[in-house]
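Work through the exercises below with the sequence and the coordinates at hand. Each task is followed by its solution.

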Amino acid sequence: MGWGGGWGGKGGWGSPWQPMFMKKGWGKGGNRGQTKVDPSLKVWVGNLPTGVDWKTLETHMNQAGKTKWVESFKGKGEGTGTVVYSTAEEATNAVTMLNGSQINGQAIQVDVWVKQEKAA
């Protein structure tokens, strides 16, 4: 009995002879954010008021169609966000319908997603 004892129990340590890269640990999330999404499903949102969280943004953006994933950036990207829709039609609809709409009394910008190249 005990706390999962042995090397094959419920403990999260695994075998001591297993290479570090093969262990499934509690490291940083492997797929943080929606990086592998078709750009035609994504829209960029700008000019967000300070303090707008993803939930507020999601509620607002659901007017154009059901959102799959919403992020309101903090820190360096404060005031911007990204929204992913199920279909390209919903994303296009969001750009035409919600560009210039208001959240917390401030007009927001909604545009198609354009991935910027990383500076070398």
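**Exercise 1.** Which backbone oxygen does the side chain of Thr 80 reach, and at what distance?

*Solution.* The model is a predicted one. Start with the position: Thr 80 belongs to the loop that links β2 (67-72) and β3 (81-85). Next, take the side chain of Thr 80: the backbone oxygen that it reaches is that of Gly 77, at 2.6 Å.

**Exercise 2.** Leaving aside neighbours within four places in sequence, list the residues in contact with Thr 80.

*Solution.* Apply the contact cut-off, heavy atoms within 4.5 Å. With those neighbours left out, the contacts of Thr 80 are Trp 44, Val 45, Gly 46, Leu 48, Ser 72 and Phe 73. One of these, Ser 72, stands opposite Gly 81 in β3.

**Exercise 3.** In what order do the four strands of the open sheet lie, and is their pairing parallel or antiparallel?

*Solution.* The strand order is β2-β3-β1-β6, with antiparallel pairing. At the edges are β2 and β6 (109-112), each of which pairs on one side only. On average, neighbouring strands of the sheet are turned by 20 degrees against each other, direction ignored.

**Exercise 4.** Which strands does helix α1 lie across, and which does helix α2 touch?

*Solution.* Helix α1 (residues 54-61) lies across β1 (42-46), β2, β3 and β6, and runs at about 135 degrees to β2. Helix α2 (residues 88-98) also packs on the sheet, where it touches β1, β3 and β6. The direction of α2 makes about 145 degrees with that of β6.

Definitions and conventions:
Residues numbered from 1 in each chain as written. Predicted model: local features only at pLDDT ≥ 70, side-chain atom pairs only at ≥ 80, totals over all residues. Heavy atoms only, no water. Helix = DSSP H or I, 4+ residues; strand = E, 2+ residues; numbered from the N terminus. Polar contact = N/O pair within 3.5 Å; in protein donor to acceptor, adjacent residues only side chain to side chain. Pairing = 2+ DSSP bridges. Axes fitted to C-alpha atoms, helices over the stretch in contact; angles between N-to-C directions.
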